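Student: I've got a model open and I'd like to learn how to read it feature by feature. Can you walk me through it?

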Amino acid sequence: MILVLLGVCVVLPLAVYFFVLAQLNRRRHPVMVSGIWDFAGVLFALSGFLLLGGPFIMATLNQDWRDFWLRSPFRSSEGLSEEWWYLRLGLWALYFAVIFVGSIFLLRGRSQATSIYNVDQDTLDQALSQALDRLHLDWRRAGQLLHIGGPALSDGQAAPETAIVTPSQLGVEDRRLKIEGRGSSMEDRSDESGSGFEAGSASSTLEPRSMPEPENRSREKTRLEVNPFPAMCHVTLQWSRGDRLKRREIEAELAKLLGDVESPYNPAARWLMSVAGILMGVVSFGLLLLVLFVVFAALQTF
């Protein structure tokens, strides 16, 4: 019964975590989650093992060590058992202290990250470029790194809004332009539509720009690293320790833009839901065994 109960307590948080991930990846629009809450979910998933599985393993090892010391012919006749119990309590205290301090340290490290679920990199690049331009920020890109300077909303006016074009919408627009381009009479209109679309997409792609720099503009630069994970339709934004107000305004503007974007097809949602279903099946089977153990034990007492 102890082993079955331990297995249920370890697997149940994992099942809940995978179920929540599956729901996030099934949303119609991208979802932004702070790095602290994202890693808090990981800690919750491992809480069963960290709080119960680890102490159970330590208790098993301590039992073997205690039997070894009690049966060893080299041990002293007095005082060793008491010293061993003190050592055992010290090991338990050290174990939980390491878990607590390590969790706080990792949570603080994840405070500089932002996780975006259910988004592809091209759509995020367009939304991020528009957010930076609408806030009138100086920025430049080098690979996956963006260097952002200047205070947000320095001149108090936002840039004109530009629609975000996803890859699927781009293919539909290209086919429409080809159809309109058939025939000499439609050729001029096709050219005008094409030039307008190219201008709109050029303004929404992630290309470096430089805005006029006012005299009171801050020289502090914020470094942003974009880490995509295409298989999971997931992108992580890693921020440098800089202007927090600038980061909050960029993320707020980015969330508004992503709220109008349709999420791409994400096969990870089905995989995560399958894993969650399997784990919940294991938990249900374990609970059924516990009920049967209790019922049989009660019948034996009568």
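Predicted model: local features only at pLDDT ≥ 70, side-chain atom pairs only at ≥ 80, totals over all residues.

Student: Fine. How many salt bridges are there by the rule used here?

Tutor: The general idea: side chains of opposite charge can pair when their charged atoms come close. The rule asks for a side-chain nitrogen of Lys or Arg within 4 Å of a carboxyl oxygen of Asp or Glu. By that rule you get five salt bridges. One of them joins Glu 253 and Arg 134, at 3.0 Å from N to O. Glu 253 sits in helix α7 and Arg 134 in helix α4 (residues 121-134), so this pair ties together parts that are 119 residues apart in sequence.

Student: And what counts as a helix or a strand?

Tutor: They're DSSP runs: H or I with at least four residues for helices, E with at least two for strands, numbered from the N terminus.

Student: Is Glu 253 buried or exposed?

Tutor: Here buried means under 20% relative accessible area, exposed means over 50%, and partly exposed is in between (1.4 Å probe, protein chains only). Glu 253 is buried at 10%, and Arg 134 is buried too, at 13%.

Student: Which side chain does Asp 38 meet in a salt bridge?

Tutor: Arg 110, with 3.7 Å from N to O. Asp 38 belongs to helix α2 (residues 35-71) and Arg 110 to the loop between α3 (80-109) and β2 (113-117), so the pair ties together parts 72 residues apart in sequence. Asp 38 is buried at 16% relative accessible area, whereas Arg 110 is partly exposed at 24%.

Student: What about Arg 28 and Glu 262?

Tutor: Their side chains form a salt bridge as well, 3.4 Å from N to O. The pair links distant parts of the chain, 234 residues apart: Arg 28 is in the loop between α1 (2-24) and β1 (31-34), and Glu 262 is in the loop between α7 (244-258) and α8 (268-301). Arg 28 is exposed at 60% relative accessibility, and Glu 262 is partly exposed at 44%.

Student: Back to α4. What span does it reach from its first C-alpha to its last?

Tutor: To judge a helix, take an expected span of 1.5 Å times one less than its number of residues. With 14 residues, α4 reaches 20 Å, close to the 20 Å expected. Twelve of those 14 residues are buried, so α4 is largely enclosed by the rest of the structure. Among the buried ones are Leu 124, Gln 126 and Asp 133.

Student: Which residue caps the N-terminal end of α4?

Tutor: Asp 120, with a side-chain oxygen 3.3 Å from the backbone nitrogen of Asp 122. Just after α4, His 136 takes a positive phi of about 60°, although His 136 is not a glycine. His 136 lies in the loop between α4 and β3 (138-142) and is buried at 13%.

Student: How do I read the strands around β6?

Tutor: Two strands pair if DSSP finds at least two bridges between them. β5 (221-229) and β6 (234-239) run antiparallel, joined by six bridges. β2 and β6 are also antiparallel, over five bridges. Thr 236 in β6 is the bridge partner of Ser 115, and Asn 227 stands opposite Thr 236 too. Five of the six residues of β6 are buried, so β6 is largely enclosed by the rest of the structure.

Student: What lies between β5 and β6?

Tutor: They form a hairpin with four residues between them, and Cys 233 in the turn has a positive phi of about 50°. Cys 233 is buried at 9% relative accessibility.

Student: Last one: which residues form the nonpolar patch on the surface?

Tutor: A patch takes residues with over 30% relative accessible area and no salt bridge; like charges are joined within 9 Å, and nonpolar side chains (Val, Leu, Ile, Met, Phe, Trp, Tyr) within 5 Å. Here Phe 285, Leu 288, Val 291, Leu 292, Val 295, Phe 296 and Leu 299 form one, with about 670 Å² of accessible area together (Shrake-Rupley method, 1.4 Å probe; for residues, only the protein chains shown count as cover). Phe 285 has its place in helix α8 and is exposed at 52%.

Notes. Residues numbered from 1 in each chain as written. Heavy atoms only, no water. Polar contact = N/O pair within 3.5 Å; in protein donor to acceptor, adjacent residues only side chain to side chain.
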